[in-house]
Amino acid sequence: MKTKKFVFSTLLILAIFLSALALPAVALADGGCESAGTSGDDTIVCDTDTSGDVKALGGNDEITVEKDVTVTGNVKGNRGVDEITNDGTVTGGIAGGSQGDEITNNGTAGTISGNRGGDTITNSGTVTGGIAGGSGGDEISNSGTVNSISGNGGGDTITNSGTVNKNVKTNGGNDTVILETGVQVGGTIFGANTKKAAAKETDTLVFTMSTYNAAEYRAAQTVIAGATDETQTYEFAWGGGAIKWQYFDTLVDKLTILYKSRSKPEPAASATLIFVEEEYLKVYQNDESGTLRFYGLGEGSKIFIAELAAQDWEKED
C-alpha cells in the first residue's frame, strides 16, 4: 500500500512539473509588451511605455520596441537566434543571447552587447554607452553616435560611418575595420590591445572615405603610405577631426577625391542662335550682352562647353 502511494505521489509531482514547463513564463516587464517570453518562438512588441526588463526565453524570438516608446530597463535575448529592434528608448542595455543574434538600434539605448555567438549589430541611432560584440565573429555597423565600440573575441568586421566619441577596439582575432564617409572617431582605432597580441593577429584597416578637399586627401594618402610600423600610432586630419590608429598589419587605401561639377547654364531667353555646324555644335549670342555660349550636341541634348564674353571676341574694324 505504501509503495502504491509513493508511486502515485511521484507521478503527480512529475505531472505538475511537466505542466509548469508548458505554461507561458511570467513577464518581467510591466507595461505595453504584448507577449511575454516563453520556451517557444515568440514575437514581443512593446507599443507603450514599459517598466522593467523585457526578456526572451527559449526559441528564436523577435523583440520590437516601437517608436516613441520607452522601456525603463533592459531588453534581452536568450537561447535561440533572436532579433531585437529598438525604434524607441531603452534606458538600460540591449543584449543578445547565446547564439548569433541580430540587434538593430534606430532609437536610443544605454549599451548594446552581442554576447556569445556571431552577432550582427547595426546602430543608426544613439548609444550613450558602448557597443560590444561577443565571443564569435561579429559584424558591427555604426552610422549613428556611440561612446565606444569593442569587437571582443573572434574575427570581427566593424564598419563606421558615424561618430564614436572614444576608442574603437577589435579585441582579439583577425579583424577588419572599415572607415566610410562621415566617420568621426574621438579616440584611437586599435587593431590589437598590445604589441604582443598584435604579433599573433592579422588585422586590416580599410579607408573608403571621400572628400572634396584635395589637400586633405593628399595628406591622408601620404600618411597611409608611410605607416609601415604597426606598433606606432599614426593619424591624419579628416572632416574637421582626426583619424588615429595603431596595431594594424594591413592598410587599404580606397580614399576618393570628389570634384564639384561646374554650372551648365542654358541659353538666355533673349539669345539668338547664330551658328550650327552639322548638328554637332551650336553657338548662341546673347542679344543684350553679346556673350557667346557654345554647346555640343548629342543624343538630342545640348552639352554646355564654354562661354566667351563680348569683350573677348569683338574687335574694332
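Predicted model: local features only at pLDDT ≥ 70, side-chain atom pairs only at ≥ 80, totals over all residues.
View 1. Of the 317 residues in the protein, 38% are buried. The protein exposes about 17100 Å², and carbon and sulfur atoms supply 51% of that area. If we take contacts between residues at least 6 apart in sequence, 20% of them join residues at least 24 apart.

**View 2. Model confidence, and the stretch at residues 1-28.** Mean pLDDT for the protein is 83, with 81% of residues reaching 70 or more. Please read residues 1-28 with this in mind: pLDDT stays under 50 there, and the model has 11 contacts beyond four places in sequence for this stretch.

**View 3. Helix H3 from end to end, residues 214-226.** With 13 residues at 1.5 Å a residue, H3 should span 18 Å, and the 19 Å between its end C-alpha atoms agrees with this. At the start of the helix, look for Asn-213: one of its side-chain oxygens comes to within 3.1 Å of the backbone nitrogen of Ala-215.

**View 4. The buried and exposed residues of H3.** Glu-216, Tyr-217, Ala-220 and Ile-224 are the buried residues of this helix. Seen down the axis of H3, they fall within an arc of 100°, so they line one face of the helix. Arg-218, Thr-222 and Ala-225, on the other side, are exposed.

**View 5. Strands that cover the buried residues of H3.** The cover includes S21 (204-207) and S22 (210-211). It also includes S23 (234-238), S24 (241-246), S25 (250-253) and S26 (256-257).

Terms used. Residues numbered from 1 in each chain as written. Heavy atoms only, no water. Helix = DSSP H or I, 4+ residues; strand = E, 2+ residues; numbered from the N terminus. Expected span 1.5 Å × (residues − 1). Buried < 20%, exposed > 50% of the residue type's maximum accessible area, 1.4 Å probe, protein only. Arc of directions from axis to C-beta. Contact = heavy atoms within 4.5 Å. Polar contact = N/O pair within 3.5 Å; in protein donor to acceptor, adjacent residues only side chain to side chain. pLDDT = per-residue confidence, 0-100. Areas by Shrake-Rupley, 256 points an atom, 1.4 Å probe, with all protein chains shown as cover.
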